[in-house]
Amino acid sequence: MRYRLLVLTAAVACVALGGCTGKNDKPGTAAEGNTIKIGHYASLSGKEATFGQQVDNGVKLAVDEINNGGGIGGKKIELITEDTQSQTQGAQNAVEKLIGKDEVSALIGEVASGRTMAAAPIAMREKTPMLTPASTREDVTKDENGNVAAYIFRICFIDPFQGTVMAKFAFESLNAKSVAVLKDNANPYSVGLAKAFVEKFKALGGTIVEEQAYEGGQNDFKAQLTAIKGKNPQAIFVPGYYTEVSLIATQARQLGITVPLLGGDGWDSPTLTQGEAKTALEGCYFSNHYSEQDTSAAVQDFIKRYKAKFNGEAPGAMSALGYDAMMIIAKIIKDSGKSDRETIRAGLAALKNYKGVTGNITIDEHHNATKPAVVLQIKDGKFAYHSTVNP
Amino acid sequence: MSTILRPYLYLAGGIALVLVLNLLVGGIGSYDQRIVVNIGINMILAVSLNLVNGFTGQFSLGHAGFMSVGAYASAAFTTMVLPAASDPMSQGLYLIVALLVGGLAAAVAGLLVGVPSLRLKGDYLAIVTLGFGEIIRVILQNVSSLGGALGLANIPRHTTFLWVFIILVFVVFVIERVIRTTYGKGFLAVRDDEIAAEAMGVNTTRYKVVAFVVGAFFAGIAGGLYAHYNSLIKPDDFGFLKSVEIVVMVILGGMGSTYGVIFAAAALTYLPEWLRSFTMFGIKFSDFRMSIYSLVLIVLMLVRPQGLFGGFSFKGRRAAAKKAPIG
């Protein structure tokens, strides 16, 4: 028994020592000066794993292209990616590591607004610019006093705009006068988008016949859907993440609800239309950042390069946004010739008319991007382009 | 004389150690500091749950629920009642007041849940506590004045290394002292054989409630520390998985061994972070660090089902835990 304890203690000591040495040899210290470190934190595992992986692919494609083209002014980009496990604390730990230990020049991340907002105070405290590719909740770029957060930027549109787009689309294009809303109460993004939609739809003169809520991670939505069915809406707005939307659509059809479901960019994932959800979601609409079917050369060329790198897998909007985010930071470093945090911050604040894959990006005084949104329709499991809505 | 003084010497020694470490901790980076503070908070949670699950032998799966009550109560108190504090002195003072509010709120919640449900045993109690944790989370998600799903943001960052570990020393001191008193033997009696204890005149329900309320109080304090460190709390942070995480720390450390539980809390908090930057034979382990984490748990439970330090207490004396039922 005593012997066993001894072995155990020795093992523990080894692990602890290993940990210490691991901490002391700072990665890339020798190469410092030859590389520019950029940190990316993403939900590579957990509930929203495909979001994180898609953005990660986009960022990696951008880094590869930059480095294969000789880097920026002779310096290569060193990308350090950290997983948040789709958890708040994971996001905070990852960002603290990237800033404090890896000493990155700039941060890219997260997709989920809730996690971006959890990590933002750390970036603000450490004065490190953070560019989120896809957090659309309005207050992501605001600090604790409601002012513009000096170091937080985004290259996507915001929920009040996205909500407006879908409210207008439902009211005008679908000619729906009564709509039900089914939101994810556990998800700040979903709550924010639902609020924006409801406000706009009522302002247009429509009625919200029913507002129901579920919780991310739930599997059964029949109670909420039955309540909605009783009110006979002409469409149902479901501003959740793809994880639950697939199930909601399938169960809605099982209950005999035939009206179209509407959603936001949280739907954008290749797994959305897998299995039964493929037929259930047929003909439904959602707003997004870009469309694969956009015929412009920039988009088609991006899709070709992306497919070449990732075995023919088609890029989603998250990949395109990740790619744009990385390319914007690279452009700022290239144009200014400097890669310190303050220069990148100033560059992001002054970004105008950047021609990205996801459209023309201009960052306004609120650190939000003014960009058009596209409405996509699901046809045969694919996201077909329907229309573009300008801000 | 010396036997009476000894526990207080331990206490003084613990505080002195924390004060010395506090001087060193200023020199490490903010990322390492965050890990250390997270470790401290998890230690408080694990040690307090150990009173319920380890010493009293009840199976509670709702510790994160009490943590969230404490976190929200103290954060709401700081942001809505207390004025802004600028100097470290008043920050510390406000933190203590807020923590007490959080702890008391959690203790009241513990009492409310404990009184009706602690007549239940084993699996049934586990289910009730699990349900409690989920109810708290769902309520918090739907109270818009507490931020709903987004949670409470902009909580002033008053928690420091010093506070976390001073409080940890006190929590360990209180629990270790209580367990060694005549009154405290009642907890162990309830665990070892409830029927025999009852036959001997031990009010088992009362002991269970006391353990539950004290455990909840300390969990509430840990929640308050967490809230004032991370500046943002969301109902999601205190879900079922967090409860399980704390239970795993207690089981892995060895039920009823404060020493073991403290070690397990440190190891399980550090392991996933350490694996982030661990490379061996040119392989980066960060990609499958969560698999390694799970694997370590499985192997340890197979090799040492009684926990790493099951059977050893602070005095290095072998306790009766070897005979104690596990799970």
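# A walk through chains A and B

Select A:Trp267 and A:Phe286 to begin: A:Trp267 is buried, and A:Phe286 is buried as well (buried means under 20% relative accessible area, exposed over 50%, and partly exposed in between, with a 1.4 Å probe and protein chains only). The model is predicted, so that local features need pLDDT of at least 70 and side-chain atom pairs count only at pLDDT 80 or more, while totals for chains, interfaces and linings use all residues. Residues are numbered from 1 along each chain as its sequence is written, chains are lettered from A and ligands numbered from 1 in the order in which they are written, and side-chain values use heavy atoms, leaving out hydrogens and water.

## Rings

Over all chains, the structure holds 23 aromatic pairs (rings of Phe, Tyr and the six-membered ring of Trp pair if their centres lie within 6.5 Å; planes under 30 degrees apart count as stacked, over 60 as edge-to-face and the rest as tilted). A:Trp267 and A:Phe286 make a tilted pair, at 5.6 Å centre to centre and with 35° between the planes. A:Trp267 lies in the loop between strand S9 (261-263) and helix H9 (277-280) of chain A, and A:Phe286 in strand S10 (residues 285-288) of chain A, so the pair ties together parts 19 residues apart in sequence (helices, H or I of at least four residues, and strands, E of at least two, are DSSP runs numbered from the N terminus).

Back in chain A, select A:Phe51, A:Tyr189, A:Tyr241 and A:Tyr242, which ring pairs link into a cluster.

## A:Ser135 and its surroundings

A:Ser135 is found in the loop between strand S4 (130-132) and strand S5 (152-154) of chain A, and is buried, with a relative accessible area of 0%. Leaving aside residues up to four places away in sequence, A:Ser135 touches several residues, including A:Glu110, A:Arg154 and A:Cys156 (contact means heavy atoms within 4.5 Å).

From there, select A:Glu110, in the loop between strand S3 (106-108) and helix H4 (113-125) of chain A; a cis peptide bond joins A:Gly109 and A:Glu110, with omega about -20°.

## Two positive phi angles

A:Glu103, although not a glycine, has a positive phi of about 50°, and with 38% relative accessibility A:Glu103 counts as partly exposed. In chain B, look at B:Asn154, also a residue other than glycine, whose phi is positive and near 60°; B:Asn154 is partly exposed, with a relative accessible area of 44%.

## Where the chains meet

Finally, show both chains together: the contact takes 35 residues from chain B and 39 residues from chain A. The area buried between chain B and chain A is about 3,300 Å², of which carbon and sulfur atoms give 52% (buried area is the accessible area, with a 1.4 Å probe, that two parts lose on being put together, summed over both). B:Tyr31, B:Leu150 and B:Arg276 supply 18% of the area that chain B buries against chain A, more than any other three residues.

How many salt bridges does the rule find across the interface of chain B and chain A? There are three (a salt bridge is a side-chain nitrogen of Lys or Arg within 4 Å of a carboxyl oxygen of Asp or Glu). To see a salt bridge, select A:Glu215 and B:Arg137, whose closest N and O atoms are 3.1 Å apart.
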